[in-house]
Amino acid sequence: MTEVPAQKPNNYLVWSILTTLFCCLPTGIVAIVYASRVDSAWYGGRIEEALNAAKNARTWTFVSVGLGVLGGIISFCFGLFSALLGI
């Protein structure tokens, strides 16, 4: 059995919304879904479910940021190469 934390885990809702808007839409939506489950599970007494949802929200938020950064790097490289080649 897991020890109950003293306070509600961070739901990462703000971060998941920001990564959805600015980084990667599909994985950001997944992060928002998990983030929205944290509070309802916590206040419903389902502590383990809330902790798992918070962990998943954090993971998907980081995945969204990573994909956004990767997409930005790829776009920059294509722009740079097209400028150098005169396309």
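Helices (H or I, at least four residues) and strands (E, at least two) are taken here as DSSP runs and are numbered from the N terminus. The structure is a predicted model, in which local features need pLDDT of at least 70 and side-chain atom pairs count only at pLDDT 80 or more, whereas totals for chains, interfaces and linings use all residues. Residues are numbered from 1 along each chain as its sequence is written, and side-chain values use heavy atoms, with hydrogens and water left out.

On this basis the secondary structure of the protein amounts to three helices and zero strands, and the elements run α-α-α from the N terminus on. The C-alpha trace spans about 60 × 20 × 15 Å along its principal axes. Of the 87 residues, 24% count as buried, where buried means under 20% relative accessible area, exposed over 50%, and partly exposed in between (1.4 Å probe, protein chains only). Among contacts (heavy atoms within 4.5 Å) between residues at least 6 apart in sequence, 65% join residues at least 24 apart.

Helix α2 comprises residues 25-43, a run of 19 residues that reaches 28 Å from its first C-alpha to its last, close to the 27 Å expected at 1.5 Å a residue; the expected span of a helix is 1.5 Å times one less than its number of residues. Helix α3, with 39 residues, reaches 57 Å between its first and last C-alpha, close to the 57 Å expected at 1.5 Å a residue. The buried residues of α2 are Thr27, Gly28, Ala31, Ala35, Val38, Ala41 and Trp42, and what covers them includes α1 (13-22) and α3 (47-85). In α3 the buried residues are Ile47, Ala50, Ala53, Ala54, Ala57, Thr61, Ser64 and Gly68, with α1 and α2 included in what covers them. An α-helix has 3.6 residues a turn, so residues three or four places apart point the same way.

Positive phi values are found beyond the ends of both of these helices: α2 is followed by Gly45, whose phi is near 85 degrees, and just after α3 Gly86 takes a phi of about 75 degrees. Tyr12 has a positive phi of about 60 degrees although it is not a glycine; Tyr12 is placed in the segment before α1 and is partly exposed, with a relative accessible area of 21%.

The segment before α1 also contains Asn11, which is buried at a relative accessible area of 13%. Leaving aside neighbours within four places in sequence, Asn11 is in contact with Ala35, Val38, Asp39 and Ala57. In helix α1 itself, Thr19 counts as buried at 5% relative accessibility. With neighbours within four places in sequence again left aside, Thr19 is in contact with Cys24, Thr61, Ser64 and Val65. The side chain of Thr19 also reaches the backbone oxygen of Ser16 at 3.0 Å, while the C-alpha atoms of Thr19 and Leu67, 48 residues apart along the chain, are separated by 9.8 Å.

A search of the whole structure finds two salt bridges, a salt bridge being a side-chain nitrogen of Lys or Arg within 4 Å of a carboxyl oxygen of Asp or Glu. One of them joins Lys8 and Asp39, whose closest N and O atoms are 2.8 Å apart. Lys8 lies in the segment before α1 and Asp39 in helix α2, so this pair ties together parts that are 31 residues apart in sequence. Lys8 is partly exposed at 27% relative accessibility, and Asp39 is partly exposed at 27%. A salt bridge is also formed by the side chains of Glu49 and Arg46, at 2.9 Å from N to O; Glu49 counts as partly exposed at 39% relative accessibility, and Arg46 as partly exposed at 38%.

Key. A polar contact is a pair of N or O atoms within 3.5 Å; within protein, one must be able to donate a hydrogen and the other to accept it, and residues adjacent in sequence count only if both atoms are side-chain atoms.
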